[in-house]
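These are my notebook entries on one structure, set down in the order in which I looked things up.

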Amino acid sequence: MESQRNLLIIALLLVSFLVWQKWDEHKNPPVVAQQSSQTTAESNSSDANFIPASDSVQVEGEVPTDAAVPASRNLITVVSDTLKLTIDTQGGDIVGTELLEHDDKLDSDNKFVLLTNTQNFVNIAQSGLIGRDGPDANPEGRPIYQAEQQDYALTEGQDTLSVPLTFTNDNGVVFTKTFTLTRDSHVVNVSYQIANNSNEPVETQLYGQLKQSVNAVDEKSGNMLMASAYRGPAYSSVETRYTKYDFKKVQEANLALTTANGWVAMLQHYFVSAWIAPKEDGNQIYSRSLNNQGQAIIGFKAQPTTVAAGSEQTVTAELWLGPKLQKKMAAAAENLDLTVDYGWLWFIAQPLFKLLHFLQSFAVNWGLAIILTTFVVRGVMYPLTKAQYTSMAKMRMLQPKLAALKERFGDDRQKMSQGMMELYKKEKVNPLGGCLPILIQMPIFISLYWVLMESVELRHAPFMLWIDDLSVRDPYFVLPILMGISMFLIQKMSPTTVTDPLQQKVMQFMPIIFTFFFLWFPAGLTLYWLVSNVVTIAQQWYIFRQLEKKGLHGSKPDA
């Protein structure tokens, strides 16, 4: 098969991938949470207060909805340098989280809201103690904790902030639920100190769960390509390092597995909330579909704990609330960094991100880092590029001999193919030599697409002039148009062996087709492709000049 025809097929495969991305976007439209810090304490169904059954003492059914909200119930606010939490004193649930280092939109005065509890959308982090003596397993309702003040804040010079909430049951057992926030961290330590002042042992079991609405009000149009980012539950266990357990699976079957360590999470584009189970054997991971509320739950249960009479004991879990920062997540919990999902080409995407991150530390600007990454990639691929254009030039020189073979064998395709193979072997020409660099470029392109889509570091990252956010499309379409022009120049400079009129027409339209798709691609990805094309033009010009000196180029490229 002719080299140019192979190039056409590969290009069409790439376009097919882009078309599939658009089709997937329309088939599975994004559901964007209502970004509001407003919280509500209202519940309309028993599902709203779902509590998992304990393993030590089975609790029949679910905890019913409270008929009336006690007057002492309220919301408290906790602020660190990275997080602003809203905690409901009933149950001590986190019903609101703002990420103080991330704007909701570019240059917005509002911060990004990760957890929220509104009429239209619920995304909260719950935890408690169940079991025979667990206060959260009380059929009369979950405990209402007492706090010393309404507002807490991390002050200058303070590295940690602890917020204790206390509850005492009828037997005099004191439960102290403490939230500890650390400077420059997105990990919230949640501990329960159980002071058993009774004459009987106390049996409890720690649980933590994330509850989120399956559907929500879409208040933003968003970027088209970002629609394919996964939103939903995920977990990690000993048997599987990272598994998505989407809303559909939650509705179909309740997840139930036992593992050492592990974590459960709710993922969305760029951000994640995750309960990190205690580092012990026997943790249980579960899910639940709250059909009446249109919500899904994924959670964990630790091993049951017995506190002897007159003694104290503390159980602890951790909660990640923040962006998908790979190094910090890896330090917080094993495999939590895998929530930065680079798809099936992760083995290429991971080194590309590390290269980008390394170059950015020198270039400061992420756009310049993308340009430098392009130079590195194209430099590494130069031997293949040289082989590609050398092969194309040799194929062009063979055209008279190929035409003679066609005239000799006519419509006998078998003899024609045999004759072509003998000719290629005699002239030491690989007809597929021009395809290899493009075959390698495609997975690099797709990998970089996932890197630019998933890496929160590029969210709201500026480049220069009108490009103030590399993670969204060029607002004036300058980069896509320049990219299309560069593709046209490459096509004009390249020697062609295509004689079929239909193939020629398709090849002529390829720059237009690519330009159309790149109109909605992230500016960072378009910048990479544009710079890559410019480098290709320079390399192609240099290689062809060397071939002309050696007499291997044949006639000059078509104008």
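I began with L489, which I found in helix α10, residues 478–493. The model is a predicted one, and I read every value below as computed from it.

I checked the length of α10 against expectation. At 1.5 Å a residue, its 16 residues should span 22 Å, and the end C-alpha atoms are 23 Å apart, which agrees.

I then asked which residues of α10 are buried. They are L479, P480, M483, G484, S486, M487 and I490. These residues cover an arc of only 160° around the axis, so they lie on the same side of α10.

L489 itself is partly exposed, at a relative accessible area of 41%. I noted that L489 contributes to a nonpolar surface patch of about 430 Å², together with I481, L482, I485 and F488.

**The open sheet**

I next traced the strand order of the open sheet. Its 8 strands run β7-β8-β9-β19-β15-β14-β11-β12, with antiparallel pairing. β7 (160–168) and β12 (243–244) stand at the edges with a single partner strand each, so one side of each has no neighbour in the sheet.

β11 and β12 are joined by 2 bridges and run antiparallel. Y235 has T243 in β12 as its bridge partner.

**Strand β14**

I then turned to β14, residues 263–267, and asked how many of its residues are buried. The count is 5 of 5.

Strand β11 (residues 232–236) is joined to β14 by 5 bridges, and the two run antiparallel. Strand β15 (residues 271–276) is also joined to β14 by 5 bridges, again antiparallel.

W263 is the bridge partner of S236, and in β15 the bridge partner of W263 is I276.

β14 and β15 form a hairpin with 3 residues between them. In that turn, Y270 has a positive phi of about 75°.

**Positive phi in loops**

Most residues other than glycine have a negative phi.

D107 is not a glycine, yet its phi is positive, near 60°. I placed D107 in the loop between β3 (93–103) and β4 (111–117). D107 is exposed, with a relative accessible area of 65%.

V364 likewise is not a glycine and has a positive phi of about 70°. I placed V364 in the loop between α4 (346–363) and α5 (366–380). V364 is exposed as well, with a relative accessible area of 61%.

**Salt bridges**

I asked how many salt bridges the structure holds. There are 8, and I examined several of them.

For R132 and E203, the closest N and O atoms are 3.7 Å apart. R132 is in the loop between β5 (122–130) and β6 (151–153) and E203 is in strand β10 (residues 202–213), so the pair ties together parts 71 residues apart in sequence. R132 is partly exposed at 43% relative accessible area, and E203 counts as partly exposed at 22%.

For K328 and D184, the closest N and O atoms are 3.2 Å apart. This pair links distant parts of the chain, with K328 in helix α3 (residues 326–332) and D184 in the loop between β8 (174–182) and β9 (187–195), 144 residues apart. K328 is partly exposed at 35%, and D184 is partly exposed at 45%.

For K324 and E454, the closest N and O atoms are 3.4 Å apart. K324 lies in the loop between β19 (312–323) and α3 and E454 in helix α9 (residues 436–454), so this pair ties together parts 130 residues apart in sequence. Are K324 and E454 buried or exposed? K324 is buried, and E454 is buried too.

My last entry concerns a network of salt bridges, which links D93, D136 and R142.

Technical notes: Residues are numbered from 1 along each chain as its sequence is written. This is a predicted model: local features need pLDDT of at least 70, side-chain atom pairs count only at pLDDT 80 or more; totals for chains, interfaces and linings use all residues. Side-chain values use heavy atoms; hydrogens and water are left out. Buried means under 20% relative accessible area, exposed over 50%, partly exposed in between (1.4 Å probe, protein chains only). Helices (H or I, at least four residues) and strands (E, at least two) are DSSP runs, numbered from the N terminus. Two strands pair if DSSP finds at least two bridges between them. Patches are made of residues with over 30% relative accessible area and no salt bridge: like charges are joined within 9 Å, nonpolar side chains (Val, Leu, Ile, Met, Phe, Trp, Tyr) within 5 Å. Accessible areas come from the Shrake-Rupley method with a 1.4 Å probe; for residues, only the protein chains shown count as cover. A salt bridge is a side-chain nitrogen of Lys or Arg within 4 Å of a carboxyl oxygen of Asp or Glu. The expected span of a helix is 1.5 Å times one less than its number of residues. The arc is that of the directions from the helix axis to the C-beta atoms.
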